[in-house]
Amino acid sequence: MAEPQLRLVLSDGETGKAHVLDLLTAQTAEVTAAAAGESTATAAAAGESTPPAGVAESPAAPGSSGTAESVREITSDGRYAYLTTGSGTLRVIDSGGWTVDHGDHVHYYRAATRDLGTIAGSPPYDVTGDAAITAVRSGDGTVRLFDRARMDQGELAETGRLAADAVVPYGERLLVAHDGAVQARTRTGEPGTTVGSCADAAGTAVTRRGAVFGCADGALLVTGKDGEFEGVKIRYPRGTREGERARTFLHRPGSSTLAAEAGERGIWVLDVTARTWRLLKTGPAVAVNATGDGTPVLAVTGDGVLHAYDPVTGKETAKARLLAGPPAGAVRIQVDTARAYVNDPAGKAVHEIDYNDDLRRARTLRPGLAPAYMTETGR
């Protein structure tokens, strides 16, 4: 396609129905749940994969009867949306819009929206991936690997398992955080070279400057070239307490500026290029995100107000009352190169914001449901 096929995957949570809102047409369509017999993740054609030592076997994913379960969270990897269900499984939806970044140019693609079925495991889930592999980490530390090409054909084909605190497919390897260190392993998870230390790994991000792991003492930035990897620790400022560390990184895809909640104190801004942390002393936030390098950091506070902050000075540059009521469900800020999207469950709306124009409300989208959970795809 000639332009990005941007979409929002939405759910009201309780009914479990998933809807895709096409941001080009503003039209919303429900995604039909996979039929019985189509929803269980399968083992690779080479045979049943077995869990490594110390990893419990996950129960088989239940077949879908065509009736959606309740939803408790939605995340995305750019094309696919991953919905945590009330029973603890992970529902996978192909949003039908994605971007392939070749560095000096990009390609935009559009396909039919479809439900791939469910993956068994235990929440919370962390999903990371690239063009070849998708890694799904369950809350018990089990990581299941899936063939991305077969996902693109509509099949959840598991190719292996391992135990890890965090995993990022990167540079034709698996970067695996486990037992206080990060290794560059093979695509199947076989042990490899240690590239850095990372105690209590939590939170990851992939940027043009490298892959980031959140650690107890800061962030580990891993870079690679010609199959060789190295890690550099970006340590927290002195005096940072455990409850203030970053555990989830948010950013615009392609950007090297990351945002994370810093407990009750405010917002962390991690500049991967400069390899520095900045603490914006904004107070607690319900949702945060970074719109890009040198552009505003956004936050929604408990009173339903959207704020924009200068990422260097921490000065508030704009604010707008946005939500119709107290934040409910999982209010999120999703960002792309031109707009930000904030779900408003009480108002049964999604607000499209021009973050480069003093938080001007460009559109109020009415998807026909209370969007308690939301993620953006096609970026």
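Modeller: Two strands are taken to pair if DSSP finds at least two bridges between them, and strands themselves are DSSP runs (E, at least two residues) numbered from the N terminus. This is a predicted model, in which local features need pLDDT of at least 70 and side-chain atom pairs count only at pLDDT 80 or more, while totals for chains, interfaces and linings use all residues. Residues are numbered from 1 along each chain as its sequence is written, and side-chain values use heavy atoms, with hydrogens and water left out.

Biologist: Over how many bridges do strand 17 and strand 18 pair?

Modeller: Both belong to an open sheet of four strands in the order 15-16-17-18, with antiparallel pairing. Within the pair, V182 has G196 of strand 18 as its bridge partner. Strand 17, residues 181-185, runs antiparallel to strand 18, and the number of bridges is four.

Biologist: Which strands stand at the edges of that sheet?

Modeller: The order of the open sheet is 15-16-17-18. An edge strand has a single partner strand, so one side of it is left without a neighbour in the sheet, and this applies to strand 15 (166-170) and strand 18 (193-197).

Biologist: Which residues of the largest nonpolar core touch the most other members?

Modeller: A nonpolar core is a set of buried Ala, Val, Leu, Ile, Met, Phe, Trp, Tyr and Cys residues joined through side-chain atoms within 4.5 Å, where buried means under 20% relative accessible area, exposed over 50% and partly exposed in between, with a 1.4 Å probe and protein chains only. The largest such core has 17 residues, and the members touching the most others are L298, V300, L306, I333, A340, V342 and L359. Strands 27 (297-300), 28 (305-309), 29 (316-321), 30 (333-335) and 31 (340-344) each supply at least two residues of this core.

Biologist: What is the distance from centre to centre in the aromatic pair of Y236 and W268?

Modeller: Rings of Phe, Tyr and Trp (its six-membered ring) pair if their centres lie within 6.5 Å, and planes under 30 degrees apart count as stacked, over 60 as edge-to-face and the rest as tilted. Y236 lies in the loop between strand 22 (228-235) and strand 23 (257-262) and W268 in strand 24 (residues 266-271), so the pair ties together parts that are 32 residues apart in sequence. Y236 is buried at 11% relative accessibility, as is W268 at 2%. The pair is tilted, with 40° between the planes and a centre-to-centre distance of 5.3 Å.

Biologist: Which residues do the ring pairs link into a cluster?

Modeller: F249 and W277 also form a tilted pair, with their ring centres 6.4 Å apart and their planes at 35°. Both of these residues are buried. The cluster linked by ring pairs consists of Y236, F249, W268 and W277.

Biologist: Is G378 buried or exposed?

Modeller: G378 lies in the segment after strand 34 (373-377), and its C-alpha atom is separated by 8.5 Å from that of R110, 268 residues apart along the chain. Counting contact as heavy atoms within 4.5 Å, and leaving out residues up to four places away in sequence, G378 touches P4, Q5, L6, G78, G97, W98 and T99. With a relative accessibility of 0%, G378 counts as buried.

Biologist: What is the omega of the cis peptide bond that joins P123 and P124?

Modeller: P124 is found in the loop between strand 10 (114-119) and strand 11 (126-129). The peptide bond joining P123 and P124 is cis, with an omega of about -5°.
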